[in-house]
Amino acid sequence: MATPPLPADVNIGVSVAAVVVCYRFAVSPTVRVLARRRSLLLAVIVGVTPTVLAVFRPLPDPGPLRWFVVFVIVLLTWQGATSDYDVTEPIEPQRLDKRLLLLFATASCLWPMALLPWLAVYCGRLRGWKHHAMMPLRLLKAYLAWFFVAMLLGASCSAAVLPLVLGCVSLSHYVKPAWSKARLGPYPWSWVWHNRTHYLMASAYSWGWARFLRAETVSHVLRRARGLDRPVNFLALVVEVAGTVAFLDRRLLIAALLATALFNVVVALASGILFWENIGTNVALAIMVTLLPGTEYASAFGWPAALIALVVLLLSAADLLWQPWHLGWWDSPFTARVHWQVETISGAKLGLYNDFMCPHEREYGRVLGYFLTDEPVLHGHLGIVWDRKLRDLLVQAEGDRNQLHALKQTYGHTQTDERQAREHIAFLTRMFTRLNAGARKSPLPRSLRHLKAPGGQLYRWGDLPPYRGQEPVRRITIRYEERCYRPATGDFLLLTNRTVQEIDLLAPGTDHGST
């Protein structure tokens, strides 16, 4: 007697569970091992092995979502292939890695298991496993898990499972921050009511975002924006928690995905943190969900699907599946940051901003350099803190040096590390010595540099014009700065500006020509 088929909703639940288990215990550990070992041969062997199974099993059909996966592969391949070389390391192996990335990307569009060597190159050799690329990378891993499970289970794992799994992976990266914000204060609404989000805009300006604007203009904008803190906070939380109900209806899922894309655009304009990978990925996923055939994918929406999605989202928020970042904090108006500047052979002094430091632009845009100074550090990126009492004390200090000094002694932590300092100085010395000698930094010819993928940390402005490789560098100066936005008057104060390190590269009179 034939076994009766499972009810459609139960079948969807079992299939989703199989896919997330495959993701958690098979695909994700495999990618992690391949990225750490950086063994291309091992990655190819692991990717080819499941091909044997395909001889005996029908290949799953992802339907229109195949084009979404292709889009994500192209998006991340563009980023990996056009990022700068690390000139402190041999260039030829890096050039080969970029070519292999293109090769495996093409193969992945035709055969999903080729994603394994692609992920090994992108995440391991090209250091692509970074915060801003994590969500689209996890979508590719989830697609790989679905493909493998669907190949094993056959028709019982339908294509309707795929939008449910992909949507959960994407929206979990917003549900988790909402959960983190709800835990910041004594009540779930404490962050919404008490966070002063316009301080984030002030700190971003101090940090190096949009410094082409006059300080008076920014102060005027901040005075207007502070009245919108609570409505903006509420809307941000609504967008982030929308994933918990998005699968009740197809239109809700589309709206939630587009809302997260718009949310990331607003974050970029306000803070200089650009999640362009997330924006492009979620817009593309929303378009694909719109194009899905109604009858075939109807089981991906409704009360049962929403309950399944809620379980997956809660498990991911608890770090039991994948681990989205928390992204919950209090914004403060005080920032302490390490800055780099160069002096060229002609004597020009220019700012060395994070975009020039690609492929390490993220590190140079955040908090890198605290190990060079013995100053106690109070906060994280952009002046964020995790204690509301400390935030309030920073606001009350209003830039007073004595009060800030007392706060640093009480709440700050010194991050001085001589080993890291030596390695950092050695890195900068090697980098600029090779650039001075004519090393090529970009894989793109000069006429195509505008085709390079954007960075994620847009802190490309400061007190000095930017260095763009105009001429050889003879000295690198590293400075520690403290800045504060005073809410009462709207002033931006420079409180501390001192040199912590100077690196001499060339004799001042040496003529090295121009690069």
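**Questions on a predicted model**

Colleague: In this predicted model, is R474 buried or exposed?

Modeller: R474 has a relative accessible area of 14%, and buried means under 20%. Since that value falls under the cut-off, R474 is buried.

Colleague: Which residue does the side chain of R474 make a polar contact with?

Modeller: R474 belongs to strand β3, which covers residues 473–486. From there its side chain makes a polar contact, at 2.5 Å, with the side chain of E343.

Colleague: How far does helix α5 reach from its first C-alpha to its last?

Modeller: Helix α5 spans residues 91–110 and has 20 residues. At 1.5 Å a residue one expects 28 Å, and the model comes close to this, with a reach of 30 Å.

Colleague: How wide an arc do the buried residues of α5 cover around the axis?

Modeller: The buried residues of α5 are Q94, D97, K98, L100, L101, F104, A105 and S108. They lie on the same side of α5, because the arc they cover around the axis is only 165°.

Colleague: Which exposed residues does the face of α5 turned away from its buried side carry?

Modeller: An α-helix has 3.6 residues a turn, so residues three or four places apart point the same way. On α5, the face turned away from the buried side carries the exposed residues R99, L103, T106 and L110.

Colleague: How are α8 and α12 oriented to each other?

Modeller: The axes of helix α8 (residues 161–182) and helix α12 (residues 229–241) come within 7 Å and cross at roughly 130°. The crossing in which α8 passes α12 is left-handed. Given that angle, the two helices, α8 and α12, are therefore oblique.

Note on methods:
Residues numbered from 1 in each chain as written. Predicted model: local features only at pLDDT ≥ 70, side-chain atom pairs only at ≥ 80, totals over all residues. Heavy atoms only, no water. Helix = DSSP H or I, 4+ residues; strand = E, 2+ residues; numbered from the N terminus. Buried < 20%, exposed > 50% of the residue type's maximum accessible area, 1.4 Å probe, protein only. Polar contact = N/O pair within 3.5 Å; in protein donor to acceptor, adjacent residues only side chain to side chain. Expected span 1.5 Å × (residues − 1). Arc of directions from axis to C-beta. Axes fitted to C-alpha atoms, helices over the stretch in contact; angles between N-to-C directions. Parallel < 35°, antiparallel > 145°, perpendicular 65-115°, else oblique. Left-handed = near helix turned anticlockwise from the far one by under 90°.
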